Amino acid sequence: MKRRTDDLARTPGADASTGTGTGGSDRFPEQFARTRRFALGVPRQFTLSPDGRRVVFVRTGSGGDPVGRLWQYEAGEERLLADPVLLVGGGSEVVPEEERLRRERARERSVGVVGYATDAAVGLVAFALSGALWAVRTDGGAPFAVPAAGPVVDPRPSPDGRHIAYVSGRALHVVALDGDDRQLARPEGPEISYGLAEYIAAESMDRSRGYWWAPNGRGLLVARVDTAPVARRYLSDPADSSRPPQVIRYPSAGTTNAEVTLHLLSLDGGRTEVSWDRAAYEYVVDAGWDAHGPFVAVQSRDQRVLRTLAVDPGSGATEVRHERTDPAWVELVPGTPARTDSGALVLPEDDGDTRRLTVGGRRVTPEGLQLRAVLGVEGERVLFTASEDPTETHVWRHEPGAGCRRLSAEPGVWTGTSRGGTTVLAGLTQQGHEVHVRRDDGPGQRSPGAIASLAEEPLLVPRQTHLRLGERQLRAVLYFPSWHRPGTGKLPVLLDPYGGPGLQLAVRARGWNGCVSQWFAEQGFAVLVTDGRGTPGRGPRWEKAVHGDQLGPALADQVDALRAAGERFADLDLDRVAIRGWSFGGFLAAAAVLHHPDVFHAAVAGAPPTDMRLYDTHWKERFLGHPDEVPENYARCSLVGKGHLLRRPLMLVHGLADDNVAVAHTLRFSAELLAAGRPHTVLPLPGATHLPADDAVNAHLLRAQRDFLTAALPAPEHGASGG
């Protein structure tokens, strides 16, 4: 299909009034970029007061405003607690380096108030703005600055609200509200930090914290990180040779990790190191401090053993309270371990092909209900997310004597929080973002409330056809152009997967990914999105089918889904098939044209990890093992060494400042392709990290991919129509 895309947009039947066709399609890339993938204006980070009457949350001013503001919802009304524009000027924020890295790891694209923490009563809220420490009381009054020793990262009030801990210059400080500042832990060298999560904890373990308050507010459990043993990487911007390179510590697969220890620090200056067998369990997966004392979850380097340890707050000695093992790897479930008021451990357990929730060693969820995350524990009640069907994630509650009850109803991807007889349900549904506030404490309860989402409505509304394809019942979504009528002509096919661990795209929700897939459909493609083996939500066996081979099963599922969809829908032209993706999806796209040129005729690979040895220890060794012990797994899955197989048009896109999938992945692979005489296209993005942040770049990047794929696909057979 080698036709002008504006001709495709003018195909008879296109209707701009519905958000599809010429009007919506032409303007969508700019909207997609300007709204930061439709994330602006979405309320998030909900905290409930103990009585359940107040909800603190963050939301930007509109769907096009990047400045995050702090809000409170009470009695059906919203009240602005802190507006960075009024305090420091939200458009000119200066962010300390440690905070910039935290935001990058969290893929945070807004400015202003991007995070906060409260005391136990949710009476005091602390947050950082341009490196300064701010606080506000939720019962009224203006935000006020709190003196700090330097640029502030991750401020957190003590449970009693008398102090605020924060990190500055890699040191942990505690400051009273009157300005009395104490440095509790000072780094002993330039490679040491206190109170910050190390790289792989934030990137691969879902742990963004580095310290935890004691419930009485008189001490903290603090992580000390020494990155001296970790190899250096140097990220420079060739587009600005005047800037020095950024040095990061990145532990590639098979190399040495940072040394992480835990310490109990008291406000009066006392210090006790937590002791466990760090040689056998070098990963600190999570930690906390509740009414029963400090606790920590530690994992072995091969990730086949995970222990929950109770910590003696006086001596630092630890005792094993639970051990999980698995011959492949122990999957980390967010929010675990946790404990109820009675001290019962809240943990996951893989039972056959079901990941169950256990409380006090007893399985409390039924077979087939897949635990996704523990959201919180209140008394003996446990709030969690789980999936009966992998295309939906719902909020559930377990309560002794009452069993498990699903709280969210509408199809979608839901999360939430609960406290004091109130539950906040935040979901991404097929209508967009929704936040419901519900009282469930008996007579006199108010009718359900809602916190408004200010996100813009997409100019293109996804037209999803949900499918189960092939013998493995692969969950997939097919997108047709709004103007296409069945039987009027064959359409080229575009596969648009992620297809890897930790992320699903074939869900019953209107995410930004689906909007982008619909945009490509409006350009004249039938777009197929499939979640194959290795993706979450279908049980332990499905996830661990990629153990030792992340490429073979994932790619086979994309091929099988394509063929099954072609058998079901006659309008899919399997002689004109393209594939695009980013990160793991980019890896799949490049692998598709290398290994199956008979099936795939063109590909766009964004930020593809082409050499598995270059990715980080915890993530890559989880699936492929240690490269010194099983080098064949890395050779099997890597694209380097296979450049000579390329026979189809391939575009490689990569940010030059990517500290997750280093640009070396693309540059080395491109050099190999060139040496093998294989023509290809490389699109470098100066200054861009793993997800490009420049709005203009993001808008035109969609069009660049479209134009490349449109030109690269073979011409339609005589008599065939592109729409």
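## Salt bridges

Asp351 and Arg356 are joined through their side chains in a salt bridge, with an N to O distance of 3.1 Å; the term denotes a side-chain nitrogen of Lys or Arg within 4 Å of a carboxyl oxygen of Asp or Glu. Asp351 is partly exposed at 23% relative accessibility, whereas Arg356, at 14%, counts as buried. Here buried means under 20% relative accessible area, exposed over 50%, and partly exposed in between, computed with a 1.4 Å probe on protein chains only. The model is predicted, so local features need pLDDT of at least 70 and side-chain atom pairs count only at pLDDT 80 or more, while totals for chains, interfaces and linings use all residues. Residues are numbered from 1 along each chain as its sequence is written, and side-chain values use heavy atoms, with hydrogens and water left out.

The structure holds 37 salt bridges. One of them pairs Arg301 with Glu282 at 3.5 Å, N to O. Arg301 lies in the loop between strands S22 (293–299) and S23 (305–311), and Glu282 in the loop between strands S20 (271–273) and S21 (283–290), so the bridge ties together parts that are 19 residues apart in sequence. Glu282 is partly exposed, its relative accessible area being 25%. Helices (H or I, at least four residues) and strands (E, at least two) are DSSP runs, numbered from the N terminus.

Arg533 and Asp557 form a further salt bridge, in which the closest N and O atoms are 3.0 Å apart. This pair links distant parts of the chain, 24 residues apart: Arg533 is in the loop between strand S40 (526–531) and helix H7 (540–543), and Asp557 is in helix H8. Both Arg533 and Asp557 are buried. Elsewhere, a network of salt bridges links Asp326, Asp350, Arg355, Glu543 and Lys544.

## Packing of helices H8 and H9

The axes of H8 (residues 552–568) and H9 come within 10 Å and cross at roughly 75°. Axes are lines fitted to C-alpha atoms, for helices over the stretch in contact, and angles run from 0 to 180 degrees between N-to-C directions.

On the H8 side, Ala554, Leu555 and Gln558 make the contact, and on the H9 side Phe584, Leu588, Ala591, Ala592 and His595 do so; contact means heavy atoms within 4.5 Å. By class, six of these residues are nonpolar, two are polar and none is charged.

## Nonpolar cores

The largest nonpolar core has 102 residues, among which Phe28, Leu469, Phe600 and Leu650 touch the most other members. Such a core is a set of buried Ala, Val, Leu, Ile, Met, Phe, Trp, Tyr and Cys residues joined through side-chain atoms within 4.5 Å. H9 supplies the largest share of this core, with nine residues.

Apart from neighbours within four places in sequence, Phe28 is in contact with Phe38, Leu459, Leu460, Cys515, Val516, Trp519 and Leu702. A second, separate core comprises 19 residues, including Val225, Val230, Val284 and Val305.

## The enclosed helix H10

Helix H10 (residues 617–624) is largely enclosed by the rest of the structure, because eight of its eight residues are buried. These buried residues include Trp619, Lys620, Glu621 and Arg622. The buried residues of H10 pack against helix H5 (199–204), S21, S22 and helix H11 (631–637).

## Backbone geometry in loops

The peptide bond between Thr336 and Pro337 is cis, with omega near 0°. Pro337 is placed in the loop between strand S24 (318–325) and strand S25 (338–339).

Arg170 is not a glycine, yet has a positive phi of about 70°. Arg170 belongs to the loop between strand S11 (163–168) and strand S12 (171–176) and is partly exposed, with a relative accessible area of 26%. Ser583, also not a glycine, has a positive phi of about 60°. The loop that holds Ser583 runs between strand S41 (572–582) and helix H9 (584–595), and Ser583 counts as buried at 12% relative accessibility.

Definitions and conventions: Nonpolar A, V, L, I, M, F, W, Y, C, P; charged D, E, K, R; others polar.
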